[in-house]
Amino acid sequence: MRRTVLTVLLGLLIVALVGSAAMAETLRFGLSVPSLSMTWFVFLKNAVEEQAAEMGVDLVVIDARNEVGKQMSDVEDMIVQDLDGVLLVPINVEALVPAVEALNEAGIPVVTVDRKIIGAPTLCHVGADNVEGGRIAGNFIAHLLRGEGKVIELTGTPGSSPAIDRGTGFNEVIGQYPKIEIIAQQTGQFTRAEGMSVMENLIQAYPEFDAVFAHNDDMAVGALEAIKGSGLDLDDVIVVGFDAIEDALVAVARGELEATIEQQPKQQAKSAFKILVDYVRDGIEPPESEIYLTPLLIMEGTLDRAESWDLVKDQI
């Protein structure tokens with residue numbers, strides 16, 4: 001009888017120890033970003049890593065190198081690793097639908113940040129109102145042009161939600177000014193090198209232009225280099241970017257870039273990751289299925305409103 005009681009107690013003790021170990025096991029989450037060659041995603045990654053450390057969870061970061069096929073494969077690897085949740089920045093709004101569906105089937109919750117998915121359910125999406133950001137850029141350029149001029153638009157990666165939404169907002173506003181003409185729209189793939197190369201070609205094809213709107217700051221900085229290299233006077237050209245990265249803020253402070261649009265990546269990233277961890281750890285549902293932050297116009301005089309301003313203000 002005593003032996004039976006001891007056996008039962010020992011069994012209960014083992015179960016309790018195993019349960020405690022399982023509860024103590026650190027949660028592991030994945031972060032998939034389009035490309036860490038893009039400055040904005042490095043900033044986003046750093047913010048998520050900071051949030052992960054604050055919440056006491058492990059983070060696996062994977063760079064898709066701007067290749068949809070690789071991002072699909074990366075998600076498959078995350079499923080094999082049996083991660084507890086995935087924070088996803090999809091390269092394309094539709095191409096990554098199978099990847100999100102696969103995560104859902106595996107019971108791994110997905111939160112998208114910055115770029116959203118159309119066609120597959122996610123726990124939540126957190127991003128900036130990119131359409132409104134495009135409108136802000138359009139209104140600013142139209143104001144500086146006094147309602148008349150020729151504009152070049154450097155678009156982002158085709159099929160990505162920021163490129164679609166920023167272009168939509170910008171063109172909606174510019175369409176209200178019959179004397180403002182968008183003379184060229186070409187993708188710079190959201191990269192600085194491509195933005196510079198495309199701008200060099202466009203300057204040859206359209207030597208007379210008054211303004212450039214780039215869907216992100218890496219392309220805007222590349223465009224600035226192309227304009228300077230062509231011998232054009234920056235004082236005669238309006239250049240506006242999007243993202244408020246460090247180099248763009250320096251360019252605004254120096255009077256080379258007229259403005260950039262701040263979409264608060266740190267707040268986006270931290271909010272999205274906290275929603276994911278809170279859901280996995282405590283079953284807390286997100287307050288909304290889609291959460292959008294309102295972008296801000298950053299120009300001379302409002303630089304201190306940018307999240308990255310403290311990182312660069314001493315360089316000016």
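**Sheet.** I began with the sheet, which is open and has six strands in the order E2-E1-E3-E4-E5-E11, paired in parallel; strands (E, at least two residues) and helices (H or I, at least four) are DSSP runs, numbered from the N terminus. Two strands pair if DSSP finds at least two bridges between them. At the edges I found strand E2 (58-63) and strand E11 (290-293), each of which pairs on one side only. On average, and with direction ignored, neighbouring strands of this sheet are turned by 15 degrees against each other.

**Basis and confidence.** I note that this is a predicted model, in which local features need pLDDT of at least 70 and side-chain atom pairs count only at pLDDT 80 or more, while totals for chains, interfaces and linings use all residues. Residues are numbered from 1 along each chain as its sequence is written, and side-chain values use heavy atoms, with hydrogens and water left out. The mean pLDDT (the predictor's confidence in each residue, from 0 to 100) of the protein chain is 92, and 92% of its residues reach 70 or more. Over residues 1-24 pLDDT stays under 50, and for this stretch the model has zero contacts beyond four places in sequence, contact meaning heavy atoms within 4.5 Å.

**H2 and H10.** I looked next at helix H2 (residues 39-55) and helix H10 (residues 265-282), whose axes come within 8 Å and cross at roughly 40 degrees; axes are lines fitted to C-alpha atoms, for helices over the stretch in contact, and angles run from 0 to 180 degrees between N-to-C directions. That makes H2 oblique to H10, since angles under 35 degrees count as roughly parallel, over 145 as roughly antiparallel, 65 to 115 as roughly perpendicular and the rest as oblique. Residues of H2 including Trp40, Phe43 and Leu44 meet residues of H10, among them Phe273, Val277 and Arg281. By class, the contact of H2 with H10 has 11 nonpolar, two polar and seven charged residues; Ala, Val, Leu, Ile, Met, Phe, Trp, Tyr, Cys and Pro count as nonpolar, Asp, Glu, Lys and Arg as charged, and the others, Gly among them, as polar.

**H5 and H6.** Helix H5 (residues 130-145) and helix H6 (residues 161-174) pack with their axes 7 Å apart, at an angle of about 40 degrees. That makes H5 oblique to H6, and I recorded their crossing as right-handed. In H5, residues including Gly134, Gly138 and Ile141 meet residues of H6, among them Gly169, Phe170 and Val173. The residues of this contact divide into seven nonpolar, five polar and four charged.

**H3 and H4.** For helix H3 (residues 68-80) and helix H4 (residues 97-105) I found axes that come within 9 Å and cross at roughly 5 degrees. H3 and H4 are therefore roughly parallel to each other. Met72, Val75 and Ile79 in H3 meet Pro98, Ala99, Ala102 and Leu103 in H4, and by class this contact has seven nonpolar, no polar and no charged residues.

**Ile316.** My last entry concerns Ile316, which lies in the segment after helix H11 (309-312). Ile316 and Ala253 are 63 residues apart in sequence, yet 7.1 Å apart in space, C-alpha to C-alpha. With its neighbours within four places in sequence left aside, Ile316 is in contact with Val250, Ala253 and Trp309.

How values were computed. Left-handed = near helix turned anticlockwise from the far one by under 90°.
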